[in-house]
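Here are my notes to read beside the structure.

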Amino acid sequence: MSVLTVRALAAFYGKAQALFDVDLEVAAGEVVALIGRNGAGKSTLLKSLIGLVTARGTVEFDGRPIGALPPHARARLGLGYVPEDRRIFADLTVRENLRVGARGRAPDLQALLALFPNLREMLDRRAALMSGGEQQMLAVARTLAAKPRLVLLDEPSEGIAPIIASRLAESVRAMKRQGVAVLLSEQNPRFVAAVADRALLLERGRLVGSAAIGELSPPSEAVQRVLGV
Ligand code: ATP
């Protein structure tokens with residue numbers, strides 16, 4: 001059963017078209033990666049799904065069309081989104097950020113700390129005082145506090161230390177085991193190899209193929225071409 005079905009998605013910035021005819025599906029509990037270089041349209045695709053970019057086409061979440069709904073309504077249905085710039089509340093503590101994520105209800109701290117064990121000792125620390133990698137974990141944990149069924153992660157490994165990236169990869173795999181589906185964008189094929197069930201290649205606003213996990217680390221020629229490396 002697919003949790004997300006996208007058909008003929010096109011996205012626009014004014015008159016400029018940034019996505020063309022995108023079809024994709026994410027099954028319940030599946031981790032799917034979008035791979036592409038800067039400007040390929042990865043962020044635009046995730047923003048179109050949460051409703052932050054003007055788009056045409058069909059987006060179904062749990063079998064229900066959501067393309068006309070504003071972002072907060074999509075979030076309330078169980079679609080989580082972690083933007084590239086994370087947007088955690090720097091002046092709030094970790095605990096307070098998680099409470100905001102749970103939308104006023106008490107967050108399930110035990111479950112969240114099981115996924116992100118290193119946040120436990122930082123619960124009362126202001127987010128501004130955490131490293132970039134720790135803030136990324138908090139951003140994902142805060143989104144999970146709302147108990148989404150699918151989380152959109154925009155370049156989660158960007159700008160974080162490799163050791164933290166491998167911890168984050170572990171957290172994403174644990175999310176999957178708990179039945180949360182993930183659609184993430186990445187330029188780091190090793191991170192994708194560590195977390196994803198499958199990978200889709202995005203080039204100039206179009207899905208141009210897929211890559212087997214075995215083609216990612218080391219990256220095959222096709223993967224290198226899409227990444228421009
Ligand atoms: P990055 O890793 O740099 O975020 P990306 O693959 O996520 O790359 P997008 O940010 O989705 O790529 O950009 C896709 C295309 O849309 C690019 O040509 C970009 O210049 C354009 N674009 C992105 N944001 C805007 C905007 N706010 N206004 C106009 N054009 C935009």
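By class, how many nonpolar, polar and charged residues does the lining of the largest pocket have?

1. The lining of the largest pocket has 12 nonpolar, 5 polar and 5 charged residues. Here Ala, Val, Leu, Ile, Met, Phe, Trp, Tyr, Cys and Pro count as nonpolar, Asp, Glu, Lys and Arg as charged, and the others, Gly among them, as polar.

2. Before going on, a word about the source. This is a predicted model, in which local features need pLDDT of at least 70 and side-chain atom pairs count only at pLDDT 80 or more, while totals for chains, interfaces and linings use all residues. Residues are numbered from 1 along each chain as its sequence is written, and side-chain values use heavy atoms, with hydrogens and water left out.

3. Back to the pocket, which holds about 590 Å³ of space. A pocket is an open set of points on a 1 Å grid over the protein atoms alone, where a 1.4 Å probe fits, with protein on both sides within 12 Å along at least five of seven lines; lining residues have an atom within 4 Å of a point. The volume is the space filled by probe spheres set on the points, which are joined across faces, edges and corners.

4. Of the 22 lining residues, Ala75, Tyr81, Arg103, Arg142 and Thr143 lie nearest the centre of the largest pocket. Helix H2 (71-77) gives the largest share of the lining, 5 residues. Strand S6 (79-82), helix H3 (94-101) and helix H5 (132-144) each supply at least two.

5. For the overall fold, please count 8 helices and 10 strands; these are DSSP runs numbered from the N terminus, helices being H or I of at least four residues and strands E of at least two. The radius of gyration is 17 Å, close to the 17 Å that the globule rule gives for 229 residues, so the protein is as compact as a globular protein of that length. That radius is taken over C-alpha atoms, and the rule is 2.2 Å times the number of residues to the power 0.38.

6. Two residues are worth a click. Ser171, in helix H6 (residues 162-177), counts as buried because its relative accessibility is 4%, where buried means under 20% and exposed over 50%, with a 1.4 Å probe and protein chains only. Gly104 sits in the loop between H3 and helix H4 (109-115) and is exposed, at 69%.
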